[in-house]
Amino acid sequence: MDKSLTVERGLDLSIKGAAEWSSPTAVKPTVIAVIPDDFPGFLPKLEVKEGDKVEAGAPVMHDKNNEDVKLTSPVAGTVSAVIRGERRKIERVEITAAGNEEKHFNVGSTAESIIAALKDSGLWTEMRQRPYDIVPLTGISPRDIFVTAFDSSPLAPDINRIIENKQAQITAGIKALSSLTTGKVYICTKSDCSFDVPEEGEHYIVTGPHPSGNPGVQASLISPINKGDTVWTLSILTVARIGELCFTGKRDFSTVVAVTGPETVNPYYASTVQGAAVKPLLDNHLPSDGKHLRIISGNILTGIKIDLNGFLRFPYTQLTVMAEGDDVDEFMGWASLSPSKMSVSRSFPFRFFKKKFSPDARILGGHRAMIMSGIYDKVMPMDIMTEYLLKAIGARDIDLMEKLGIYEVAPEDFALCEYVDPSKTEIQKAVREGLEWLRKENE
């Protein structure tokens, strides 16, 4: 029997530039990148070098702490570049597409064989473990698994339409996941769900504003995570890929991307592969007025700023183009009450009108000490004391962090808090640093 879940607190941002659903335009990538920073907790070690030939699904790098956990190539081709940063950190591996050779994986029916296939194919890295919001540690059976089947973030793609023809893969994927936990597999959808939830899953129909689509928010309201608990979270898109692996023994790297944003010309849906270069996706969809632009792989709250020569970043299936704002000459600057400004403050009367805004990337204010105003609680649906948790993270007080719920949160859960914060604090960055520090302390 379906259950209902209402997320009462949050905020939906009214922004121009949504992509209306239509049959995705095929954009074949010529170059893709495998970027280890997209997979928190994964310590990369290369398995290829420049000039090597690879097939789709072949390993590119593995985790130093567990050699069985791989990141694999989304395309067949040649390793064209290994880009390193400071201290020879691996930033990305670029692969030039050529050919259609695919690696096949053996997927058995036991939990051990499914886990081995997930690790070998790279699908293991598409899941996240709480606590710490990292790629799941091996050897730990999750208490429960939470699957989210919709995205509530600004201008998000319609995942429901993307997966409407993947019933068989979703059923097989959920069945495989159910064998990996002694607990439950929770599937959270909107009311217009385009697939039938199999008997192995427990179905929740979710209503409410963003961040209702965050798996951490869903988990905290359905079955909170306490100290000592381990749960996994993942998207229904990954579930479908797991099902495809079980059916065919092949790794599905295809993805549908919504090209969106207030500065996007003719927003649309494109079909490509994970890690594809973004320039072909944006050709003929950028304005020619000379305005400074910010390109984001993801949404404006949690996405990653990239340049036109960048690549799609995991787990995002969205590109957002907005004005940078550094070339704006505005009367009164941040103090302007222009009707074009988007704000949650009552000082801006146009917030009460139902209109779409075109915000830019300016902070519009200076950094200052945290103000204990209770403003975070208006947009944070999880049962945590946000301000006190952030102070505990800043103080590196382990006992207080644990008491205030550090084990059930991820940086994305604080994105709206960062948006409404009058102190302009980089809250998501602080939470990620706190989680990484706590993980090292607990090792």
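**Cores, a covered helix and salt bridges**

Tutor: In this predicted model, the largest nonpolar core has 67 residues, and those touching the most other members are Val 93, Ile 95, Leu 118, Val 147, Leu 177, Ile 236 and Leu 319. Helix H5 (residues 236–248) supplies the largest share of this core, six residues.

Student: What makes a set of residues a nonpolar core?

Tutor: The members must be buried residues of nonpolar kinds, joined through side-chain atoms within 4.5 Å. In general, nonpolar side chains tend to be buried together in soluble globular proteins.

Student: Which residues does Leu 177 contact, leaving aside its neighbours within four places in sequence?

Tutor: Leu 177 is in contact with Met 127, Ile 145, Val 147, Val 185, Leu 234, Val 239 and Ile 242. Besides the core around these residues, a second, separate core has 42 residues, including Leu 13, Ala 219, Val 231 and Ile 393.

Student: Why is helix H4 called largely enclosed?

Tutor: Helix H4 (residues 215–222) has eight residues and seven of them are buried, so the rest of the structure largely encloses it. The buried ones are Pro 215, Gly 216, Val 217, Gln 218, Ala 219, Ser 220 and Ile 222.

Student: What covers the buried residues of H4?

Tutor: The cover includes strand S1 (3–6), strand S10 (128–130), strand S11 (144–148), strand S12 (185–189), strand S13 (201–207) and strand S14 (231–235).

Student: How do you know whether Lys 49 is buried or exposed?

Tutor: Exposed means over 50% relative accessible area. Lys 49 has 54%, so Lys 49 counts as exposed. Lys 49 lies in the loop between strand S4 (44–46) and strand S5 (53–54). Its C-alpha is 7.2 Å from that of Val 82, although the two are 33 residues apart in sequence.

Student: What makes Asp 120 and Lys 103 a salt bridge?

Tutor: A salt bridge needs the side-chain nitrogen within 4 Å of a carboxyl oxygen. The closest N and O atoms of Asp 120 and Lys 103 are 3.6 Å apart, which puts the pair inside that limit. Asp 120 lies in helix H1 (residues 111–121) and Lys 103 in the loop between strand S9 (90–97) and H1, so the pair ties together parts 17 residues apart in sequence. The whole structure has 26 salt bridges.

Student: How do you know whether Asp 413 and Arg 130 are buried or exposed?

Tutor: Buried means under 20%. Asp 413 has a relative accessible area of 3%, so Asp 413 is buried. Arg 130 has 1%, so Arg 130 is buried as well. Their side chains meet in a salt bridge at 2.9 Å, N to O.

Student: What are the values for Glu 324 and Lys 305?

Tutor: Glu 324 has a relative accessible area of 13% and is buried, whereas Lys 305, at 53%, counts as exposed. These two form a salt bridge, with their closest N and O atoms 4.0 Å apart.

Terms used: Residues numbered from 1 in each chain as written. Predicted model: local features only at pLDDT ≥ 70, side-chain atom pairs only at ≥ 80, totals over all residues. Heavy atoms only, no water. Helix = DSSP H or I, 4+ residues; strand = E, 2+ residues; numbered from the N terminus. Buried < 20%, exposed > 50% of the residue type's maximum accessible area, 1.4 Å probe, protein only. Contact = heavy atoms within 4.5 Å.
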